[in-house]
Amino acid sequence: MSETDDPAAINRRLEALRLEHRDLDAAIARLSALGSLEVHDDLTLKRLKKRKLWLKDCIARLQSDLIPDEPA
């Protein structure tokens, strides 16, 4: 059994990704509350949002890996 097949390893990875997703959500909220005063802030905000979406996709993929395949 490889690490990618190990449900415990998948759950640990999922928890780490969820934590990073929550942290990014908080960072995005803080930046948004400050308002966009500079182009630099807008670029940072866009990068954070893009990373957050990527994490969401990774989380969804790993969650689907935990669902057992149905026999045909």
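Mentor: Lys52 forms a salt bridge with Asp25, and their closest N and O atoms are 2.6 Å apart. Since Lys52 lies in helix H2 and Asp25 in helix H1, the pair ties together parts that are 27 residues apart in sequence. A salt bridge here is a side-chain nitrogen of Lys or Arg within 4 Å of a carboxyl oxygen of Asp or Glu. Please note that this is a predicted model, in which local features need pLDDT of at least 70 and side-chain atom pairs count only at pLDDT 80 or more, while totals for chains, interfaces and linings use all residues. Residues are numbered from 1 along each chain as its sequence is written, and side-chain values use heavy atoms, with hydrogens and water left out.

Trainee: How many salt bridges does the rule give?

Mentor: The count comes to four salt bridges. One of them joins Arg51 to Glu20, with the closest N and O atoms 2.8 Å apart. This pair links distant parts of the chain, for Arg51 is in helix H2 (residues 39-66) and Glu20 is in helix H1 (residues 7-34), 31 residues apart. Another salt bridge is that of Glu15 with Arg22, where the closest N and O atoms are 3.6 Å apart. Glu15, Arg18 and Arg22 are linked in a network of salt bridges.

Trainee: Which residues of H1 are buried?

Mentor: Buried means under 20% relative accessible area, exposed means over 50%, and partly exposed lies in between (1.4 Å probe, protein chains only). In H1 the buried residues are Ala9, Ile10, Leu14, Leu17, His21, Leu24, Ala27 and Ile28. An α-helix has 3.6 residues a turn, so residues three or four places apart point the same way. Lys46, whose place is in helix H2, is exposed, with a relative accessible area of 60%. Of the 72 residues of the protein chain, 19% count as buried.

Trainee: What makes up the largest nonpolar core?

Mentor: A nonpolar core is a set of buried Ala, Val, Leu, Ile, Met, Phe, Trp, Tyr and Cys residues joined through side-chain atoms within 4.5 Å. The largest one has twelve residues, among them Ile10, Leu14, Leu45, Leu48, Cys58 and Leu62. H1 and H2 each supply at least two residues of this core.

Trainee: With which residues is Leu48 in contact, leaving aside its neighbours within four places in sequence?

Mentor: Contact means heavy atoms within 4.5 Å. With those neighbours left aside, Leu48 is in contact with Leu24, Ala27, Ile28 and Leu31. Across the protein chain, residues 24 or more positions apart account for 65% of the contacts with a separation of 6 or more.

Notes
Helix = DSSP H or I, 4+ residues; strand = E, 2+ residues; numbered from the N terminus.
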